[in-house]
Amino acid sequence: MSKITDGPNDRPKDSTIAQSGPGLPDDSGQPIEATDQDAERVRAKFEDDARKKVKAEIDEQVEKPQRGPA
């Protein structure tokens, strides 16, 4: 296959990117190191966002008329 460039990103056109292809990953990325505090902070944020979304949906339903158009 012909090459896209001859620079630092030189690779065949049909090669995969970001470890999305079949076979063994190249494991060139650094593993993520997260503390328990980081994990808890992220978990709390997701839970808070979910609560806000559900509250908005409930408020929208409460505001709608009970029978037919307003």
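## Salt-bridge criterion

A salt bridge is taken here as a side-chain nitrogen of Lys or Arg lying within 4 Å of a carboxyl oxygen of Asp or Glu. Under this criterion Glu 60 is paired with Lys 64, with 4.0 Å between the closest N and O atoms. The structure under discussion is a predicted model.

## Overall architecture

The protein chain has 70 residues, of which 0% are buried. Its secondary structure consists of 1 helix and 0 strands. Helix 1 covers residues 36-63.

The chain presents an accessible surface of about 7,000 Å². Carbon and sulfur atoms account for 54% of that surface.

## Salt bridges within the helix

The count of salt bridges in the model is 6. In general terms, side chains of opposite charge can pair when their charged atoms come close.

One of these bridges joins the side chains of Asp 49 and Lys 45, at an N to O distance of 3.0 Å. Both residues belong to helix 1, where a separation of 4 residues places them about one turn of the helix apart. Asp 49 has a relative accessibility of 33% and is therefore classed as partly exposed. Lys 45 has a relative accessible area of 52% and so counts as exposed, since the exposed class begins over 50%.

A further bridge links the side chains of Asp 59 and Lys 55, with an N to O distance of 3.0 Å. Asp 59 and Lys 55 are likewise located in helix 1, 4 residues apart, or about one turn of the helix. Asp 59, at 36% relative accessibility, is partly exposed.

## The Glu 60 and Lys 64 pair

Both partners of the bridge at 4.0 Å, Glu 60 and Lys 64, can also be described by their accessibility. Glu 60 is partly exposed because its relative accessible area is 47%, a value between the limits of 20% and 50%. Lys 64 is partly exposed as well, with a relative accessible area of 40%.

## Nonpolar surface patch

Val 54, Ile 58 and Val 62 together make a nonpolar surface patch of about 270 Å². Among them, Val 54 is situated in helix 1. The relative accessible area of Val 54 is 44%, so this residue is partly exposed.

Definitions and conventions
Residues are numbered from 1 along each chain as its sequence is written. This is a predicted model: local features need pLDDT of at least 70, side-chain atom pairs count only at pLDDT 80 or more; totals for chains, interfaces and linings use all residues. Side-chain values use heavy atoms; hydrogens and water are left out. Helices (H or I, at least four residues) and strands (E, at least two) are DSSP runs, numbered from the N terminus. Buried means under 20% relative accessible area, exposed over 50%, partly exposed in between (1.4 Å probe, protein chains only). Accessible areas come from the Shrake-Rupley method with a 1.4 Å probe; for residues, only the protein chains shown count as cover. Patches are made of residues with over 30% relative accessible area and no salt bridge: like charges are joined within 9 Å, nonpolar side chains (Val, Leu, Ile, Met, Phe, Trp, Tyr) within 5 Å.
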